[in-house]
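Colleague: Could you walk me through this model? I'd like to know what lies behind the terms you use.

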Amino acid sequence: MADNISYKDILFNPFSKDNPVVVQVLGICSVLAVTAKLEPAIVMGLSVIAVLAFSNVIISFMRNTIPNAIRIIVQLVVVAGLVIIVSELLKAYAYNVSLQLSVYISLIITNCILMGRLEAFAMGNRPWPAFLDGVGNGIGYAIILAIVAFFRELFGSGTLFGYQVVPDALYEAGYVNNGLMILPPMALILVACIIWVQRSYNKSLQEK
Amino acid sequence: MSKLRKLLDRAKPHFSPGGRLSALGSVFDGVETFLYTPRTTAPANNTVHIHDAIDSKRTMIMVVLALMPCFFFGMYNTGYQHWLAAGCTTFPFFDLMLYGFLAVLPRVVVAYVVGLGIEFIVAQIRKEEIQEGFLVTGLLIPMICPVEIPLWMLAVATAFSVIFVKEVFGGTGYNIFNVALVTRAFLFFAYPAQMSGDDAFVPTSTPLGFGPAVPDGFTCATPLGQVATTVGDSLSITGVDGAAITSWDAFLGLIPGCFGETSVLCILIGAVILLLSGIGSWRIMLSVAAGALLMGWVANTFASPVYPASYLTPVDQLLYGGLAFAAVFMATDPVTAARTSTGKVVYGLLIGIIAVIIRTYNNGYPEGAMLAVLLMNAFASLIDWCVVQTNISRRRARFAKLIKD
């Protein structure tokens, strides 16, 4: 696979054309859960980038020695170890955010994007392309998270990164924050909107 | 032939393909078929799809007619509640009507302008006929919301609902959920304070300075809102003036509530119009009522102070809140309801049962009719599928038996 696709494509394709969330529709669960605010969403995105990149590299190094019958277990062990490291780091250096993300950092283990990339790419490619693939897909995931969280926090809480951006004058004029934006269903509708916009620009992705 | 017809005929070539204004063809077509019954009720290339001799604009007009008693009563009741809140003892009929009219008119205008605006734009983009489904939806939306809901909220909710519930699924006739109810659900979850707060349902403003002034900070919850917050086992439901509300008041509709849904009497008149014109389904209406009575009876039999609404009698369950309106005008929406006869009964029963379950056993939601209808909208096609499959396997079994004999 790595022979006929350039490193640049491995890194950049997942941003839009092969995006893990809006094209492959993986990892939707955490998109719904952690995007009510921008800050946890971005921390979540960074965590997934780190875990995905390093687990891709590790699995890629071991790919020729892993017995095929137990490869899923080996992959899970690697991912779980990395997730625990990320989780401990967050607790040490960003305690408040780790409280907001609560169980969702641990649930990175079950994020379909990880298993998908490990199975589809890391098991068959050398470490450097696997690293690029992990970073690319992680960023593709983080972009969607950030876009969804931007709109949800802006319209749901009137803030961005916790700072109020909707002016007080607007509230006095009768503006009210949209409570539905805070609820998970709205994240699904926003993801649908992103898919809508993306498909109308990328005609090749439109399904018949 | 009237002048209007001549005017339309003269304008028609400009809007036809190749004419100067052909881009606005669907707008012209919409106006023309609104004013005059078209010669055909199905597209010319597709003649097998004739459902009925009346096209859907005529159907919609009948529903609008059926809504009129509720609408006019809503105007009166809005004024009545306002006069009560202001502490008046005389209720001049025309002043009340005028007040209600001034209060509701902006909501109706906003719902129609936003909804029809989106429909017109989409019809131009898709080069389709303008779909007339919004004629009813635009009237329903203000009727199922508190009359003082801020206009911009109504506009946002209507736009959301028309785009995400109707247009993305393909327009009128293809929506899975009832558009008006989704508008209400959007408002309910997005702006709970304006939709279900204690001060949401009593009209306190004075549009254009008309009507007596109401003291600042005046609040009065709807009957179901009061029931949900009752402590102990004795329900006391009071009106805006502090007097007790009886089931008879609830039947007539002189109680605080959403604009068009308080009066069961007017809803029944609307139901008769719908049934006589053959547009509404009696199966759905009756089975919703039966489901609500059944579940109301069960809840009432096992009444407990933890769930104050369980002390309502089964009949009161039907009289209060939006259940009656939902049964007649929402559940019977032919697009989102089940279509098989058996399916309609199951669908209606479940709506009645779920509505009472929600309002009784979830104290957070004093009214469950909206959520019940939306939930069953999602299941309507599944119910139909089961009914059809049962029928197929029954006939297959009968046929197998015939061959064996």
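Modeller: Let's start with B:I351, which touches B:V288, B:G291, B:A331, B:A372, B:V373 and B:M376, leaving out residues up to four places away in sequence. This is a predicted model, where local features need pLDDT of at least 70, side-chain atom pairs count only at pLDDT 80 or more, and totals for chains, interfaces and linings use all residues. Residues are numbered from 1 along each chain as its sequence is written, while chains are lettered from A and ligands numbered from 1 in the order in which they are written.

Colleague: What makes B:V373 a contact of B:I351?

Modeller: Two residues are in contact if their C-beta atoms, placed from the backbone, lie within 7 Å. B:V373 is listed among the residues that B:I351 touches, so the pair meets that cut-off.

Colleague: Which residues touch the most other members of the largest nonpolar core?

Modeller: B:L187, B:Y347, B:I351 and B:V373, in a core of 159 residues. Helix α3 (residues 56-85) of chain B gives the largest share, 12 residues; helices are DSSP runs (H or I, at least four residues), numbered from the N terminus.

Colleague: Why is this core said to lie between domain 1 and domain 2 of chain B?

Modeller: Because domain 1 (22-39 + 56-212 + 226-248) and domain 2 (280-388) both give residues to it. Those bounds come from an automatic or database domain assignment.

Colleague: How far apart are the C-alpha centres of the two domains of chain B?

Modeller: They lie 21 Å apart. The contact takes 18 residues from domain 1 and 22 residues from domain 2 of chain B.

Key
A nonpolar core is a set of buried Ala, Val, Leu, Ile, Met, Phe, Trp, Tyr and Cys residues joined through C-beta atoms within 7 Å. A residue is buried if 20 or more other C-beta atoms lie within 10 Å of its own, exposed if 12 or fewer, and partly exposed in between; C-beta atoms are placed from the backbone. Helices (H or I, at least four residues) and strands (E, at least two) are DSSP runs, numbered from the N terminus.
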